[in-house]
Amino acid sequence: MKITVMGLGYIGLPTAITLAEAGFEVCGFDVNKKTIETLQGGHIHIVEPGLQEAFEKAVAHGHLHFSEELGKSDVFYISVPTPFFKDENGSHKADLRFVESAGRMAGKVLEPSNLVILESTVPPHTSEMLARVLSEESGIPMNEIHVAHCPERVIPGNMMYELKNNDRIVGARTPEAAEMAASIYEKVLEKGVVHKTDDLTAEMCKLTENTFRDVNIAYANELSVICDKMGIDVFELIKLANCHPRVNILTPGVGVGGHCIAVDPWFIYEQFPAEAKVILAARERNENKPHFVADKVVAKMKKVTDTVGVLGLSYKPDVDDLRESPSIELCHILQEKGVKVIACEPFAKDTEVQNIPNVSFEEVLKADYLVITLGHTLFKENKDKIAEKPYFDCVGMME
Ligand SMILES: NC(=O)c1ccc[n+]([C@@H]2O[C@H](COP(=O)([O-])OP(=O)(O)OC[C@H]3O[C@@H](n4cnc5c(N)ncnc54)[C@H](O)[C@@H]3O)[C@@H](O)[C@H]2O)c1
């Protein structure tokens, strides 16, 4: 069976490698020529433990290759971005242009027996839109188009394990799509189990999972603001509360970032603004947190001319992903307040990230005041050096 993976980013590339490991003949396709050139040159373009080794093995076995041309295939996986944008009224809207354009491309080479698996996280009814687009381009009647929405739920940093061991939801639009998609995942999965449902439930399932985490983190962030007023340690409080067998509060931080948790709740809110009250409140609480941290930092600085050194710009520890990062938002808010900001993001190669000077760890320690936004391993291993400076710890790293 030949499988083409469309979109070779954080999700598509590890997925392509895992499918090749399971014995499928896999073609990786991306509209970004540089990505294809890098991969054809034997290198990967994202940071993920174990990925380079697995990539080299799959290519050496001859099961995995990359192409700038989209050819015929038995199965098309779509793992393209699904960001949001703000319309003229400031409302959050899902940007489905990438899904639509991938669908139109696949539709041009689609045959009636082919399966299209949508792995991107999408708002309700997007699989239906994809089936319509595929039908328009291929001429195959829409009710005969085999589409399954199988949302990806791996965590960056542990993808190669979770791709084989997480349970998978197969939300199919036809019985044939359900059978075909389930048989592929069953071949890939070691411990994980396949759960079959319809496409709309699968779309909502993924959004529900990430919104659950956003709401939980919003609660933790709210507690951190309350504890600050009370003068007690929120990290100790949560640790003690979590001793309760049915309580599991997540960790507060500088906000919520990344392409998933900070984005997906808006996909529910966009379609159900009257009902999604808790979801909106959580989003607003998390989006406000960098402003709260910025005010605390300014209040703690000795002189307005002090330099603030921000430890970490990505959205979570030990990853290079900068999308929707609240640490970057914090830097920009501080800059708007006239504060001189430098940052150390060891996973970013550039010396400047979105107008923020990105310096070495040794250099950032020269700042007058430090803000710990992430528990990167580099920072955890150098707590003693950080402790020599006044600091504000947003993530409880220094205990
Ligand atoms: N990153 C994560 O941790 C994660 C986890 C679970 C789910 N997801 C979801 O997976 C999807 C992909 O996310 P990602 O982080 O891999 O994005 P990404 O930006 O890292 O990669 C997407 C890739 O798709 C390519 N692309 C865009 N249009 C294309 C087209 N028409 N044909 C072929 N390639 C095209 C881009 O060039 C890019 O390389 C999103 O919907 C995201 O919400 C991401």
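Colleague: Which residues does Phe361 touch, not counting residues up to four places away in sequence?

Modeller: Quick caveat before that: this is a predicted model, where local features need pLDDT of at least 70, side-chain atom pairs count only at pLDDT 80 or more, and totals for chains, interfaces and linings use all residues. Residues are numbered from 1 along each chain as its sequence is written, and side-chain values use heavy atoms, with hydrogens and water left out. Contact means heavy atoms within 4.5 Å, and on that basis Phe361 touches Leu311, Cys344, Leu378, Phe379, Asn382, Lys385 and Ile386.

Colleague: What is the radius of gyration of the protein chain?

Modeller: The radius is taken over C-alpha atoms, and the globule rule is 2.2 Å times the number of residues to the power 0.38. The C-alpha trace spans about 70 × 50 × 45 Å along its principal axes. For 399 residues a compact globule would come out near 21 Å, which agrees with the chain's 23 Å.

Colleague: What share of the contacts with a separation of 6 or more comes from residues 24 or more positions apart?

Modeller: For background, the protein chain has 15 helices and 16 strands, and 53% of its 399 residues count as buried. Among contacts with a separation of 6 or more, residues 24 or more positions apart account for 69%.

Colleague: Is Tyr185 buried or exposed?

Modeller: Tyr185 is found in helix H7. Leaving aside neighbours within four places in sequence, its contacts are Tyr77, Ile117, Glu119, Cys150, Arg168, Val170 and Val194. Its relative accessibility is 3%, so Tyr185 counts as buried.

Colleague: How many residues of helix H1 are buried?

Modeller: Helix H1 covers residues 12-21 and is mostly covered. Its buried residues include Ile17 and Leu19. Leu19 touches Ile3, Val5, Phe24, Val26, Tyr77, Ile184 and Val188, not counting residues up to four places away in sequence. Of the ten residues in H1, the buried count is nine.

Colleague: Which residues is Asn221 in contact with, leaving aside its neighbours within four places in sequence?

Modeller: Asn221 has its place in helix H8, residues 199-230. With 0% relative accessibility, Asn221 counts as buried. Its contacts are Pro252, Gly253, Gly255, Arg285, Asn286 and Lys289.

Colleague: And what does Ala282 touch, not counting residues up to four places away in sequence?

Modeller: Ala282 lies in helix H11, residues 277-300, and its relative accessible area of 5% makes it buried. Its C-alpha atom and that of Phe212, 70 residues apart along the chain, are separated by 9.8 Å. Ala282 touches Asp214, Val215 and Ala218.

Colleague: What is phi of Glu324?

Modeller: Most residues other than glycine have a negative phi. Glu324 lies in the loop between strand E11 (307-311) and helix H12 (326-336), and is partly exposed, with a relative accessible area of 41%. Gln354 is not a glycine either, and has a positive phi of about 45°. For Glu324, phi is positive too, near 55°.

Conventions:
Helix = DSSP H or I, 4+ residues; strand = E, 2+ residues; numbered from the N terminus. Buried < 20%, exposed > 50% of the residue type's maximum accessible area, 1.4 Å probe, protein only.
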